Amino acid sequence: MFNAAVLDLPFPLRSNPNQRSIARAHEGWLLRHEGLSGAIHPTAYAKWDVPRLAALTSPDCDTGDLTLAADLLSFYFLFDDRFDTGLGRAPAQVARLCTRLTSLLHGDGPEPGARTPVERAFADLWERSLHGMSARWRARSAYHWEWYFACHPAEAAGRLSGRLPDREEYLALRRGTAAMETLFDMVERLNRFELPQEVLHHPAFRRMRQLAADIPSFTNDVHSYAQELARGDVANLVMIVREEHGGTPEEAAVEVMREAQAMVDRFAELSSQVPGISDLLGLDPAGREAAHRYVEGLAAWIGGYHRWEIDTGRYGH
């Protein structure tokens, strides 16, 4: 809808050279978990080009891990789309569904024979994600997944009420349903390293992570505005900015993109401080390399997702 919705990104766009080689494996995963896709037709799904998104956002991982990235992205999209039906206006039902998924994170979920197609797909992804990661990383990732799942009943309640949230309410919900913290955990998993805790929780890194999470959410709300307006969604920043300032949807979209660009600029500024932060923390070579690779991974998410959303068939471009 908004053709000028493009960011000026100060870092290079890269793509994983293994993109084509994972297509068949990803297709096989979808076939094994065909119940996940619901009413999405394979032709429509192919236009989303999920392997390309995986390649753009994970440019450095090997073929096996890139396949995991594509399968994981597919889960997010197909799981989210389930709430475009009447289910998305049934908070109690959504809560039961999400509680069962959360229980799989902690080993007390439904037995394999009693799992739904969605639960089987997620259990597979969770088991593969844990491979080679420490107990500390596993606990963090489980918490972020629980946050993601637990926000969906609130989003369903918002649709049911039809009330437009204010900006603060929007951010509190969007930062959960966007699932970006789970994806940033996967930056470590897919690239086979872990951040030292003093880096992960350093204020500059926490701020970069929040910026890298919010930028795709803001731009996604611009690109998905028409679809979300048509189905009665209310958690969209273009709608909220229009309510705040008045004007046309196009003017609100321009303001959302201006805010996203300011966040991109701030991310670039903070990323330039990483060598100095590494010095001050006294990081060893492995720690310095992990810090550098993590920031590169966040930047790849910002740039790769933005490139993909501009021309993917998912948003009707």
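How much space lies in the largest cavity? In this predicted model, the largest cavity holds about 30 Å³ of space. The largest pocket, in turn, has a volume of about 850 Å³, and the second largest pocket has one of about 400 Å³. The points below treat these spaces together with selected helices.

**The cavity**
- The count comes to one cavity of 30 Å³ or more.
- The residues that line the largest cavity are His-144, Trp-147, Tyr-148, Arg-175, Gly-176, Ala-179, Met-180, Glu-181 and Thr-182.
- Helices α7 (135-161), α8 and α9 are the elements that give two or more residues to this lining.
- By class, the lining of the largest cavity comprises four nonpolar, three polar and two charged residues.

**The largest pocket**
- Of the 43 residues lining the largest pocket, Asp-80, Arg-174, Thr-177, Asn-220 and Glu-228 are the closest to its centre.
- At least two lining residues are supplied by each of α4, α7, α8, α9, α11, α12 (225-230) and α16.
- Helix α7 gives the most to the lining of the largest pocket, with eight residues.
- The lining of the largest pocket divides into 22 nonpolar, eight polar and 13 charged residues.

**The second largest pocket**
- This pocket is lined by 17 residues, and Glu-27, Leu-30, Pro-42, Tyr-45 and Ala-46 lie nearest its centre.
- Helices α1, α2 and α3 each supply at least two residues of its lining, and the largest share, five residues, comes from α1.
- The lining of the second largest pocket has 10 nonpolar, four polar and three charged residues.

**Contact of α8 with α11**
- The axes of α8 (residues 167-177) and α11 (residues 203-223) come within 11 Å and cross at roughly 105°; α8 is therefore roughly perpendicular to α11.
- From α8, Tyr-170, Leu-171, Arg-174 and Arg-175 meet Gln-210, Asp-214, Ser-217, Phe-218, Asn-220 and Asp-221 of α11.
- The residues of this contact divide into three nonpolar, three polar and four charged.

**Buried positions**
- Seven of the eight residues of α3 (residues 50-57) are buried, so this helix is largely enclosed by the rest of the structure.
- The buried residues of α3 are Val-50, Pro-51, Leu-53, Ala-54, Ala-55, Leu-56 and Thr-57.
- These buried residues pack against α1 (23-32), α2 (42-48), α4 (63-81) and α16 (285-311).
- Asp-185 lies in helix α9 (residues 180-191) and has a relative accessible area of 2%, so Asp-185 is buried.
- Leaving aside residues up to four places away in sequence, Asp-185 touches Trp-137, Arg-140, Ser-141 and His-144.

Conventions: Residues are numbered from 1 along each chain as its sequence is written. This is a predicted model: local features need pLDDT of at least 70, side-chain atom pairs count only at pLDDT 80 or more; totals for chains, interfaces and linings use all residues. Side-chain values use heavy atoms; hydrogens and water are left out. Axes are lines fitted to C-alpha atoms, for helices over the stretch in contact, and angles run from 0 to 180 degrees between N-to-C directions. Helices (H or I, at least four residues) and strands (E, at least two) are DSSP runs, numbered from the N terminus. Angles under 35 degrees count as roughly parallel, over 145 as roughly antiparallel, 65 to 115 as roughly perpendicular and the rest as oblique. Contact means heavy atoms within 4.5 Å. Ala, Val, Leu, Ile, Met, Phe, Trp, Tyr, Cys and Pro count as nonpolar, Asp, Glu, Lys and Arg as charged, and the others, Gly among them, as polar. Buried means under 20% relative accessible area, exposed over 50%, partly exposed in between (1.4 Å probe, protein chains only). On a 1 Å grid over the protein atoms alone, a cavity is a set of points where a 1.4 Å probe fits but cannot get out, and a pocket is an open set with protein on both sides within 12 Å along at least five of seven lines; lining residues have an atom within 4 Å of a point. Grid points are joined across faces, edges and corners, and a volume is the space filled by probe spheres set on the points.
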